[in-house]
Amino acid sequence: MHGFNTYLTHQQFAPRIIALLLCLLGLGVLVSWHSPHLLAGIYPYSTLMGYNTAIGFFACGSGLYAAMTHRRPLALISSLILFTIGALTLLELLAGASFNTANWFFYFLNEPPIHSQPSPPIASIAFLFAGCAILLGFNPQGSKTVVACLCCIIILFLTLMAILGQGFGILPVFMWKGIKMAPHTAIGLTLFALGLGALRTAAAVAAFNRFNVFSRLVTGFVFMSLLFIGIGSIGSLQINSVVSITQELYEDPVQVNNAVLRIKSDVNKLNRQMKDIAVNPQLANNFNIPESLKKTEFAVTQELDILERKAQSPNLTKLRATFKKWEAAISSNYEILNAGNIEDYRQRTLSEIQELTIALEYLCETITQQAQDRILELNDEVIKTKNHAANLMLIAIGGFLLIGILVSAAITRSLNSQLQRIRDTMEKLAQGDTGIAIPFLNHPHEMGVMAKTIAVFAENMEAR
């Protein structure tokens with residue numbers, strides 16, 4: 001008994017340390033959010049982990065401690081926190097729900113933070129699996145420990161991709177739209193998965209070995225299906241990233257560019273009419289300048305409203321003011337034409353109005369150039385996303401195949417080792433050793449039936 005207690009103590013030493021580290025990590029980040037001057041040395045770097053992510057890590061640590069000490073209420077509360085954070089964040093990021101998870105805690109802060117962001121999708125998914133692992137891994141024995149360990153493996157799979165992307169450059173930081181995870185977030189989740197896995201692996205293996213053949217195959221199939229769904233979700237995130245970039249491309253810079261081109265076209269059309277009249281005053285009867293000016297004012301005003309909604313340029317105010325001056329100059333110059341002052345009209349058309357027109361064109365060109373630069377940036381971003389998504393999927397598929405091989409090997413090894421023990425027992429019985437201990441007598445299903453059958457043979461042999 002003393003030896004068993006010593007074994008349990010050694011078995012729980014690493015999980016206890018991990019639980020303590022996770023709680024300290026979550027508390028440290030929360031303290032830095034609330035008291036940035038107290039931890040000025042690491043602030044704002046510590047806040048790269050979101051506020052709700054820090055709460056999730058504290059819940060991971062407390063849930064791991066609850067699993068070690070068999071505190072069911074604490075395990076339930078920790079799981080509920082993780083489920084809430086993961087589910088609300090995913091609904092907000094993927095379904096467009098407006099829960100405002102990144103800012104709900106601002107009310108409790110002493111001063112506004114430098115930046116804030118919700119938990120990234122991959123971390124939110126990991127929190128959901130962590131909640132399942134705590135809820136199912138609370139019991140020290142039973143089939144639930146198998147599912148808890150499978151959840152831990154999935155968490156390790158997710159964080160491995162994030163660590164590869166952040167630490168070794170295989171997947172650049174650019175991929176944060178889909179697999180964004182701060183390094184300390186990835187390391188913390190990895191430690192949690194390793195801690196709970198170390199705590200329940202022996203029980204999970206024992207429970208798995210008691211499954212019948214069909215249940216073992218189904219367990220492997222369900223696990224691989226979850227991984228497949230995870231890979232599909234990651235691929236969907238990358239597709240959504242490309243779609244969002246493309247949508248931004250056509251909603252903002254392309255519309256800005258088109259609006260500026262229409263402004264230049266409307267202004268130049270009326271300006272050409274004014275210059276044609278300056279060359280041949282008789283054309284004034286053919287051009288209805290007041291009506292054209294009214295149409296131009298209406299069209300340009302609409303385009304300026306579009307630019308103010310879509311573009312973030314300081315030149316928009318100058319453009320609107322310059323257009324007002326140009327419009328006033330056109331109107332006053334037309335009055336000079338009606339008064340018969342042809343020479344004054346020509347001089348103002350070729351000097352003042354042309355200067356204002358050139359100023360308008362310069363401002364339009366500046367805004368157009370900014371829109372073109374943004375279009376090039378977004379095009380490059382689409383290309384990078386496509387290339388990096390291909391790298392991501394290669395790693396995900398490679399990991400999927402590797403884990404599939406390991407799962408298949410685990411199932412095969414589990415069955416082969418038990419069948420080998422049954423075979424060795426039968427061989428010794430055939431040699432007349434009726435006193436041999438028969439394994440798996442307390443197992444259900446196929447192995448238990450075979451063991452009980454062998455026990456009957458041994459009793460009959462011993463009776464003879």
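**Figure 1. The α4/α7 crossing.** The crossing of α4 and α7 is left-handed. By class, nine nonpolar, two polar and one charged residues form the contact between α4 and α7. The model shown here and in the other views is predicted. Helix α4 covers residues 121–137 and helix α7 covers residues 183–209. Their axes come within 11 Å and cross at roughly 20°. Angles under 35 degrees count as roughly parallel, and α4 and α7 are therefore roughly parallel to each other. From α4, the residues in the contact are Ala123, Ala126, Phe127, Ala130, Ala133, Ile134 and Gly137. From α7, they are Thr185, Leu189, Phe192, Leu196 and Arg200. An α-helix has 3.6 residues a turn, so residues three or four places apart point the same way.

**Figure 2. Helix α9 packed on helix α11.** Helix α9 spans residues 253–279. The axes of α9 and α11 are 12 Å apart, and the two helices pack at an angle of about 20°. With that angle, α9 and α11 are therefore roughly parallel to each other. Their crossing is left-handed. On the α9 side, Ile263, Val267, Leu270, Asn271, Met274 and Ile277 take part. They meet Leu319, Phe323, Trp326, Ile330, Asn333 and Leu337 in α11. Ten residues of this α9 and α11 contact are nonpolar, two are polar and none is charged.

**Figure 3. Helix α11 from end to end.** Helix α11 runs over residues 315–338, which makes 24 residues. At 1.5 Å a residue, α11 should span 34 Å. Just after α11 comes Gly340, with a positive phi of about 90°.

Figure 4. Thr322 is found in helix α11. Its relative accessible area is 14%. Buried means under 20%, so Thr322 is buried. Neighbours within four places in sequence are left aside in this view. Beyond them, Thr322 is in contact with Leu356, Ala359, Leu360 and Leu363.

**Figure 5. Leu401 in helix α12.** Helix α12 covers residues 342–430, and Leu401 has its place there. Leu401 has a relative accessible area of 52%. The cut-off for exposed is over 50%, so Leu401 is exposed. Met224 and Leu401 are 177 residues apart along the chain. Their C-alpha atoms are separated by 9.4 Å.

**Figure 6. His70 in the loop between α2 and α3.** Helix α2 covers 51–69 and helix α3 covers 72–94, with His70 in the loop between them. Most residues other than glycine have a negative phi. His70 is not a glycine, yet its phi is positive, at about 60°. With 48% relative accessibility, His70 counts as partly exposed.

**Figure 7. The whole chain, for orientation.** The secondary structure comes to 13 helices and zero strands. Along the sequence, the pattern reads α-α-α-α-α-α-α-α-α-α-α-α-α. The chain has 464 residues, and buried residues make up 43% of them. Of the contacts with a separation of 6 or more, 76% are between residues 24 or more positions apart.

Methods. Residues are numbered from 1 along each chain as its sequence is written. This is a predicted model: local features need pLDDT of at least 70, side-chain atom pairs count only at pLDDT 80 or more; totals for chains, interfaces and linings use all residues. Side-chain values use heavy atoms; hydrogens and water are left out. Axes are lines fitted to C-alpha atoms, for helices over the stretch in contact, and angles run from 0 to 180 degrees between N-to-C directions. Helices (H or I, at least four residues) and strands (E, at least two) are DSSP runs, numbered from the N terminus. Angles under 35 degrees count as roughly parallel, over 145 as roughly antiparallel, 65 to 115 as roughly perpendicular and the rest as oblique. A crossing is left-handed if the near helix is turned anticlockwise from the far one by less than a right angle, and right-handed if clockwise. Contact means heavy atoms within 4.5 Å. Ala, Val, Leu, Ile, Met, Phe, Trp, Tyr, Cys and Pro count as nonpolar, Asp, Glu, Lys and Arg as charged, and the others, Gly among them, as polar. The expected span of a helix is 1.5 Å times one less than its number of residues. Buried means under 20% relative accessible area, exposed over 50%, partly exposed in between (1.4 Å probe, protein chains only).
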